[in-house]
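Thanks for coming. I will take a few minutes to walk through one model, part by part, and you can follow along on the screen.

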There are 2 protein chains.
Amino acid sequence: MAEKKRTEIAELGEFGLIDREVSKFQKKNATTLTGAGDDAAVLDAGDGNVLLVSTDAMLEGIDFDLTYFPMKHLGYKAVTVGVSDILAMNALPEQIMLSLGISSKLSVEALDDFYEGVEFACRELGVDMVGGDTRASLTGFVIGITAVGRAKRDRVVYRSGAKLNDLICITGNLGAAYMGLHLLEREKRVLSDVKDPEPKFAGYEYLLEKYLKPRARKDIIESLAEDGILPSSMIDISDGLASDLMQICKASKCGARIYLERIPIAKQTSAMAEELHADPVVAALNGGEDHELLFTVPLAMQEQVMRMGGIDVIGHVTAGNTGAYLVTPDGSDIRLKAQGFKESDPAK
Amino acid sequence: MAEKKRTEIAELGEFGLIDREVSKFQKKNATTLTGAGDDAAVLDAGDGNVLLVSTDAMLEGIDFDLTYFPMKHLGYKAVTVGVSDILAMNALPEQIMLSLGISSKLSVEALDDFYEGVEFACRELGVDMVGGDTRASLTGFVIGITAVGRAKRDRVVYRSGAKLNDLICITGNLGAAYMGLHLLEREKRVLSDVKDPEPKFAGYEYLLEKYLKPRARKDIIESLAEDGILPSSMIDISDGLASDLMQICKASKCGARIYLERIPIAKQTSAMAEELHADPVVAALNGGEDHELLFTVPLAMQEQVMRMGGIDVIGHVTAGNTGAYLVTPDGSDIRLKAQGFKESDPAK
């Protein structure tokens with residue numbers, strides 16, 4: 001008997017794999033307005049309203065390390081991760097569900113801390129926790145997050161709406177979460193043999209907060225609505241600017257040019273990068289987990305967007321066949337590449 | 001510094017833990033019609049309609065063993081597990097999302113098989129696959145399933161509606177999935193040192209199918225609607241009859257009496273139990289994973305329910321303070337106990 005062919009998943013990458021599998025499915029229900037391929041699925045909820053549903057997983061050893069990740073922060077971050085996908089559709093989150101795989105290593109008190117963080121985030125965001133599933137796990141803590149949101153159908157923003165010459169905008173700053181992770185990993189390595197370790201985090205508190213307790217940018221979605229700004233496309237920055245920008249380019253069939261010196265990077269991010277002999281721009285491009293929003297708006301909205309505050313215009317949308325480029329201060333163009341699975345994360 | 005108190009999760013059990021954590025949350029949104037505590041959350045979808053959302057996790061090593069679980073069947077079963085929670089609310093499933101943690105052990109071809117099973121189940125049930133999340137896993141294959149369904153608000157059936165003297169009904173038969181699992185585990189043990197093993201499954205094909213490829217009982221929900229039968233309460237049998245009946249009793253603040261000789265058990269289940277010197281009733285009560293429906297109807301509907309076919313009346317609802325009992329043929333009463341986490345599964 002011939003051996004069955006074996007293709008490694010790394011050959012296709014995460015996005016190639018999803019494309020391959022999703023293409024097998026046919027739409028059957030009229031209430032399914034969009035299928036896979038955006039931050040959240042869009043379902044008809046009658047009267048011009050839609051429901052947005054997203055699902056995410058966070059796995060111990062891949063997405064978090066319990067030796068330094070406080071359970072309370074992990075609960076908070078799980079809500080941020082789920083809710084950010086809803087916000088990225090220009091919708092407001094209303095409900096979350098948690099599906100947990102709990103290893104026997106965890107105590108009831110540890111889970112109390114976890115749910116305290118969940119509850120805190122839910123209160124901050126006005127989100128209801130409406131259930132889930134809890135079971136034992138043999139292999140570490142597993143967190144599944146389902147988030148549900150709501151919007152008027154004509155206010156939903158997809159990845160696919162970017163138009164030629166639109167401005168590319170970023171909220172907050174990038175690379176801080178990645179540098180926070182680096183810092184935590186370094187202290188773990190350095191202190192692995194030390195009894196009663198005292199990690200050195202002074203001066204880098206912001207990086208730790210961005211990694212351990214990132215805030216979902218509900219404030220931005222509310223401000224956009226108040227100011228009457230409807231982005232043409234939007235995505236949550238979870239995989240890094242390069243990868244997420246390329247998702248917009250792919251969905252919108254467009255290219256992009258972003259300018260290196262315009263990428264917002266916090267002082268602590270640059271300082272930490274210097275200490276580690278790393279490039280903060282690489283952290284911003286490929287680090288991920290910033291949970292900021294990347295969106296595009298028509299050129300005419302430049303002033304309105306700038307007035308909002310906390311938003312940087314970092315480039316513009318180009319024609320479909322031109323690719324996505326980073327323009328350096330000396331004027332050279334670097335073609336952006338998407339990152340694959342988290343497994344290849346250079347921090348690990 | 002005083003040591004922090006450590007309580008083992010086993011002390012509380014799965015249901016105790018969920019009660020403890022869920023009680024911390026306050027409802028904030030008017031669209032949240034019910035919170036945690038049923039098979040699915042119920043969200044307002046306008047015009048007298050509701051959306052049902054459920055979330056489940058299946059973890060390698062706990063919920064399935066890839067040494068004998070074909071990937072295609074696993075994909076099929078994941079859809080059944082998700083969709084059964086929607087059906088148990090008397091609603092029809094419309095969408096599912098899958099969130100996967102993929103270990104490097106799995107090839108692209110294995111995932112093709114998995115998604116082939118997902119696609120087959122989706123086609124059979126008329127369900128759309130609308131996205132999800134895929135990431136690497138260090139610790140085995142992790143499957144998160146989010147299912148979405150829809151119903152008229154006044155047709156939704158909760159766990160909490162059972163009334164005194166209502167009839168307790170079961171679809172299909174119980175314990176077969178559990179015996180299928182036992183059989184697979186036995187062959188794995190026996191053949192662990194054998195090259196080119198040839199497991200002996202002849203005569204037990206039904207048990208394997210019930211464990212590896214259980215069908216979601218959409219047919220029952222459709223028949224109930226056609227026949228104008230609205231159950232007073234309903235639950236998906238995933239944890240075993242005893243545990244799931246006790247969930248109805250708890251939510252409905254009622255007791256129950258079920259009769260041992262009325263519990264539907266397939267011939268192959270009894271035969272396998274005999275071979276293993278096990279009690280098929282114990283498999284039916286505690287085995288779980290049958291994905292049949294347990295529901296109650298008013299006494300007046302007995303004839304209508306019996307006419308449907310494939311449904312057995314196994315007992316009746318009693319007053320709130322009387323507990324849930326199994327009545328044996330000799331007339332003695334055995335008080336039912338709920339099972340905890342899957343970890344304590346005697347088959348493992």
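Helices H4(A) and H8(A) cross in a left-handed sense. This is a predicted model, so please keep that in mind throughout. H4 of chain A covers residues 176-190, H8 of chain A covers residues 267-275, and the two pack at an angle of about 40° with their axes 9 Å apart. That angle makes H4(A) oblique to H8(A). On the H4(A) side the contact is made by A:Ala176, A:Met179, A:His182 and A:Leu183, and on the H8(A) side by A:Gln268, A:Thr269, A:Met272 and A:Ala273. Sorted by class, the contact of H4(A) with H8(A) has five nonpolar residues, three polar and no charged ones.

Next, another helix pair in chain A. H2, residues 71-87, and H3, residues 108-125, have axes that come within 6 Å and cross at roughly 40°. H2(A) is therefore oblique to H3(A). What is the handedness of the crossing where H2(A) passes H3(A)? The crossing is right-handed. From H2(A) the contact includes A:Met71, A:Leu74, A:Tyr76, A:Val79 and A:Val83. H3(A) brings, among others, A:Phe114, A:Tyr115, A:Val118, A:Phe120 and A:Leu125. A:Gly75 of H2(A) and A:Gly117 of H3(A) are also in the list. The residues of the contact of H2(A) with H3(A) divide into 14 nonpolar, four polar and three charged.

H3(A) also has a partner in the other chain. H3(A) packs with H1(B) at an angle of about 15°, and the axes are 11 Å apart. That makes H3(A) roughly parallel to H1(B). The crossing of H3(A) and H1(B) is right-handed.

How many residues does the contact take from each chain? There are 71 from chain B and 71 from chain A. On chain B, the elements that give two or more residues to the side touching chain A are helices H1 (9-22) and H3 (108-125), and strands E2 (41-44), E3 (49-59), E4 (92-102), E5 (128-136) and E6 (142-152). E5(B) provides the largest share of that side, nine residues. The residues on the side of chain B that touches chain A divide into 28 nonpolar, 23 polar and 20 charged.

How are the two chains related? Chain B can be laid on chain A with an RMSD of 0.0 Å, by a turn of 180° and a shift of 0.0 Å along the axis. That is the relation of a two-fold axis. Of the interface residues of chain B, 100% are also interface residues in chain A, so the copies meet through the same surface.

Now the sheets, in chain B. One is an open sheet of six strands in the order E1-E2-E3-E6-E4-E5, with mixed pairing. Its edge strands are E1 (32-34) and E5 of chain B, each pairing on one side only. So E5(B) is an edge strand of this sheet, and E5(B) also gives the largest share to the side that touches chain A. Neighbouring strands of the six-stranded sheet are turned by 25° against each other on average, direction ignored. E1(B) and E2(B) run antiparallel and are joined by two bridges. B:Thr32 stands opposite B:Leu43 in E2(B). Helix H2 of chain B, residues 71-87, lies across E3, E4 and E6 of chain B, running at about 30° to E6(B).

The other is an open sheet of seven strands in the order E8-E10-E7-E11-E9-E12-E13 of chain B, again with mixed pairing. Here the edge strands are E8 (233-237) and E13 (333-335) of chain B. The twist averages 25° from one strand to the next. E8(B) and E10(B), residues 292-297, pair in the antiparallel sense over five bridges. B:Ser233 stands opposite B:Thr296 in E10(B). Helix H7 of chain B, residues 241-252, packs on this sheet and touches E8, E9 (255-259), E10 and E12 (324-327) of chain B. The direction of H7(B) makes about 155° with that of E8(B).

That is where I will stop.

Key: Residues are numbered from 1 along each chain as its sequence is written. Chains are lettered from A and ligands numbered from 1 in the order in which they are written. This is a predicted model: local features need pLDDT of at least 70, side-chain atom pairs count only at pLDDT 80 or more; totals for chains, interfaces and linings use all residues. Two residues are in contact if their C-beta atoms, placed from the backbone, lie within 7 Å. Helices (H or I, at least four residues) and strands (E, at least two) are DSSP runs, numbered from the N terminus. Ala, Val, Leu, Ile, Met, Phe, Trp, Tyr, Cys and Pro count as nonpolar, Asp, Glu, Lys and Arg as charged, and the others, Gly among them, as polar. Axes are lines fitted to C-alpha atoms, for helices over the stretch in contact, and angles run from 0 to 180 degrees between N-to-C directions. Angles under 35 degrees count as roughly parallel, over 145 as roughly antiparallel, 65 to 115 as roughly perpendicular and the rest as oblique. A crossing is left-handed if the near helix is turned anticlockwise from the far one by less than a right angle, and right-handed if clockwise. Copies are superposed by least squares on the C-alpha atoms of residues with pLDDT of at least 70 in both. Two strands pair if DSSP finds at least two bridges between them.
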